[in-house]
Amino acid sequence: MEDFLRLAVEQNPRLAKANLAIDAARGRHLQAGLYPNPDVAVNWDELGDRSSPDRLGILTAPRISQTIVTGHKLTLAQAVAAREVDQATLELLGERFAVVGSVRGAFYEAFTLQQRAEILAEVVKLADDAWGIGKTLLDNKQIARLDLIQLEVERERFRAELQSARRELPGAYRRLAAVAGQNALVPEAVKATFDNLPNYDAEVVRQAVLEYHPQARSARVGVERAQAAVRRAEVEPIPNLTVSAGYVRQFENRSHDGSVGVSLPVPMWNRNQGNIRAARAELGMAIQNVGQTENELAARVATAYQAYAAARERAEAYRKELIPRAEETYQLSLTAFKGGQFEYLRVIQAQRAIAEARVEYNRSLGEAWKAAAELSGLLMEESWPAPISAPVPAPAVAPASASAPAPSKPGAGPVQMPPEVSKFP
């Protein structure tokens, strides 16, 4: 998983795009503080005036004018743009850990499916062995045809599940590669373990996410940006001054003169009322967005933690209770069968219960790790927190027999089981 995380952080296009968004915001911040350029003009008046000997009139060249920005408009505009830079930076941080969480989730999804396929392959082998034993028992009239059909149905069901898992695996590997931003680099398998599931506390996670998550922080920065935008809109009616100066050549009386001027707009009808009203409304929206963002984050935490806690508890139940009891039931059934007290189908049912419990145990662990990946992304964790106490391996499933039992005559008592017993991996 560390290999995919490194690739994702270094080369994922989502992060590259977020970095470029920061550069764009910094460019807008720089532009917002730049002073207006001066205007340079050339005016030629009274051309063709007959009172002028050469009818050249009056030439003003050059005439230079400069707008003097008042009311700290540029400073306030830069304050708005600075908050946009902060939000773009927080967006990059959020994207980074969203990618990290997605990679972790996709990785454990692929690993869970990979483990499921391995377990189902063993289960199918057990089902084939059980069917072979059942066929021998049917031939010796130890079981009914209906019992063998039930074994066939179970075998085909497990085969279908194995085939489905194997067909899903390439898609899971491709999804992992795509989430990491390397869609052309598709692994043939992934290497991991279900040990050391990280430990999370619901309330601690909720408080940390609401305090430090980039979306929550960006929403609060959005309020500051909206406040700066209101101040910028309020100073807009303050008139900017335009000063000008120029050299004037009057051809009529052959004189060299100069000109200076000052102008400013008079805010009589347009005092930026509409923009001020809109900016204040956007401030109110930004304040409400803080609450909305926090509620959405809290909901995401609750959903992820619910899935995490439920899957963890379910996996613990399988590890501590269901699998050991299924193993004990199998051993008791096998002993009773050897003593002639049970039918062989009871042994097969107990064996199947262990196999199915292992499959469900694997699924529960996978769901717990995927939910933990979601929580790790919300918490912006570079590495997993302290794990829960490491679980011991689940009990193995022992097949009833590696080969069919020797035929026996009808009514001669139960079929005796061979002593060879291999362990489920």
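What share of the contacts in the protein chain with a separation of 6 or more comes from residues 24 or more positions apart? Such residues account for 81% of these contacts, where a contact means heavy atoms within 4.5 Å. Keep that in mind as you select your way around.

**Before you start**

You are looking at a predicted model, in which local features need pLDDT of at least 70 and side-chain atom pairs count only at pLDDT 80 or more, while totals for chains, interfaces and linings use all residues. Residues are numbered from 1 along each chain as its sequence is written, and side-chain values use heavy atoms, with hydrogens and water left out.

**Stop 1: the whole chain**

Show the protein chain as a cartoon. Its secondary structure comes to 8 helices and 4 strands; helices (H or I, at least four residues) and strands (E, at least two) are DSSP runs, numbered from the N terminus.

Of the 425 residues, 41% count as buried. Buried means under 20% relative accessible area, exposed means over 50%, and partly exposed is in between (1.4 Å probe, protein chains only).

**Stop 2**

Select residues 73-139, which make up helix H3. H3 has 67 residues and reaches 97 Å from its first C-alpha to its last, close to the 99 Å expected at 1.5 Å a residue. The expected span of a helix is 1.5 Å times one less than its number of residues. Within H3, pick Gly 132. Gly 132 counts as partly exposed, because its relative accessibility is 22%. Draw a distance from Gly 132 to Leu 151: the two are 19 residues apart along the chain, and their C-alpha atoms are separated by 9.4 Å. Step just past the end of H3 to find Lys 141, with a positive phi of about 60 degrees.

Next, select residues 273-338 for helix H7, with 66 residues and a reach of 94 Å from first C-alpha to last, close to the expected 98 Å. Where is the kink in H7 centred? Look at Tyr 318, where the kink is about 45 degrees; the bend at a residue is the angle between axes fitted to the seven residues ending there and the seven starting there. Gln 273 is also in H7, and is partly exposed at 39% relative accessible area. Gln 273 and Glu 234 are 39 residues apart in sequence, with their C-alpha atoms 8.5 Å apart in space.

**Stop 2: the aromatic rings**

Show the side chains of Phe, Tyr and Trp. A search of the whole structure finds 10 aromatic pairs. Rings (for Trp, the six-membered ring) pair if their centres lie within 6.5 Å; planes under 30 degrees apart count as stacked, over 60 as edge-to-face and the rest as tilted.

Zoom in on Tyr 108 and Trp 369. Their ring centres are 4.5 Å apart and their planes meet at 10 degrees, so this pair is stacked. The pair links distant parts of the chain, with Tyr 108 in H3 and Trp 369 in helix H8 (residues 344-379), 261 residues apart. Tyr 108 is buried at 5% relative accessible area, and Trp 369 is buried at 2%.

Move on to Tyr 200 and Tyr 308, an edge-to-face pair at 5.6 Å centre to centre with 80 degrees between the planes. Tyr 200 lies in the loop between helix H4 (145-179) and helix H5 (202-212) and Tyr 308 in H7, so the pair ties together parts 108 residues apart in sequence. Both tyrosines are buried.

Now select Phe 4, Phe 107, Tyr 108, Phe 111, Phe 194, Trp 369 and Trp 384 together: ring pairs link them into a cluster. Arg 96 lies over the face of Phe 97, at 5.1 Å from the ring centre. A charge sits over a ring if NZ of Lys or CZ of Arg is within 6 Å of the ring centre and within 35 degrees of the ring normal.

**Stop 3: two positive phi values**

Pick Asn 196, in the loop between H4 and H5. Its phi is near 60 degrees, a positive value in a residue other than glycine. Asn 196 counts as partly exposed, at 41% relative accessibility.

Finish at Met 380, in the segment after H8. Met 380 is not a glycine, yet has a positive phi of about 55 degrees. Is Met 380 buried or exposed? Met 380 is buried, with a relative accessible area of 18%.
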